[in-house]
Amino acid sequence: MTVIRPSDEYLEQPYYRHLAEGTLHLNCCNDCGAAHHPPSPICPKCRSFNTGWKPASGRATLNSFAEARHAVHPMLGPKVPYVITLVDLEEGVRLVSGIPEGMRFDLKVGMPLECKVIRFDEAFALPYFLPVGEGGA
Ligand SMILES: [Zn+2]
């Protein structure tokens with residue numbers, strides 16, 4: 001599977017470290033409880049610096065999706081066409097994701113999804129969201 005690997009500097013950050021361990025964690029505020037993404041040392045809801053990490057439930061809803069038919073980078077050429085998804089997590093966070101290479105689903109906006117973390121090497125994994133019952137969680 002061809003994916004663009006973030007630099008080692010990014011992979012050392014908590015978001016990617018949790019994924020490499022097999023779970024999606026979200027940056028959360030310890031004061032107001034809000035989850036947010038991308039991670040930030042300041043809560044975007046209440047401006048608290050008291051933030052931490054909590055495991056996500058993995059439950060999400062498909063907000064939108066598109067099929068990319070043009071490779072925006074030569075490395076992505078062999079992947080075209082591929083599906084990009086916008087998913088709303090139960091925790092109130094919206095993530096850009098995709099459908100893993102080689103998989104095809106009949107996607108419908110609003111359908112329930114579940115997270116599947118796919119590992120590419122020891123330090124790098126990404127969260128994907130599949131229709132419930134299609135191998136997620
Ligand atoms: Zn907060």
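Along the chain, the donors of the zinc ion are spaced as C-x2-C-x10-C-x2-C. The structure is a predicted model, in which local features need pLDDT of at least 70 and side-chain atom pairs count only at pLDDT 80 or more, while totals for chains, interfaces and linings use all residues. Residues are numbered from 1 along each chain as its sequence is written, and side-chain values use heavy atoms, with hydrogens and water left out.

The protein donors are the SG atoms of C29, C32, C43 and C46, which lie 2.3 to 2.4 Å from the zinc ion. Donors here are N, O and S atoms within 2.8 Å of the metal (3.2 Å for Na, K and Ca); water is not among the atoms, so sites may look incomplete. The angles among the 4 donor atoms run from 104 to 117 degrees, and the site is tetrahedral, a label given to four donors if all angles lie between 85 and 135 degrees. For orientation, the ideal angle for four tetrahedral donors is 109.5 degrees. Strands are DSSP runs (E, at least two residues), numbered from the N terminus. C32 is partly exposed at 35% relative accessibility, and C46 is partly exposed with a relative accessible area of 35%; buried means under 20% relative accessible area, exposed over 50%, and partly exposed in between (1.4 Å probe, protein chains only).

The loop between β2 and β3 also holds P38 and R47. The peptide bond from H37 to P38 is cis, with omega near 0 degrees. R47 is not a glycine, yet has a positive phi of about 70 degrees; this residue is exposed, with a relative accessible area of 57%. As background, most residues other than glycine have a negative phi, and most peptide bonds are trans. A further cis peptide bond runs from V80 to P81, with omega near -5 degrees, and P81 lies in the loop between β4 and β5.

Turning to the sheet, 5 strands form an open arrangement in the order β6-β5-β4-β7-β8, with antiparallel pairing. Two strands pair if DSSP finds at least two bridges between them. The edge strands, each pairing on one side only, are β6 (94–98) and β8 (124–131). On average, neighbouring strands of this sheet are turned by 35 degrees against each other, direction ignored; axes are lines fitted to C-alpha atoms, and angles run from 0 to 180 degrees between N-to-C directions.

Strand β4 (residues 59–68) is joined to the antiparallel strand β7 (residues 112–121) by 3 bridges, with T61 partnering P112 in β7. Between β4 and β5 (residues 82–89) there are 8 bridges in the antiparallel sense, and S64 has L86 of β5 as its bridge partner. The antiparallel pairing of β5 and β6 spans 5 bridges, with T85 opposite S97 in β6. These two strands form a hairpin with 4 residues between them, and G92 in the turn has a positive phi of about 90 degrees.

Finally, A123 lies in the loop between β7 and β8 and is partly exposed at 33% relative accessibility. Leaving aside neighbours within four places in sequence, A123 is in contact (heavy atoms within 4.5 Å) with R5, L11, Y16 and A20. The C-alpha atoms of A123 and A20 are separated by 5.3 Å, although the two residues are 103 residues apart along the chain.

Key
Tetrahedral: all angles 85-135°; square planar, octahedral: opposite > 155°, others 65-115°.
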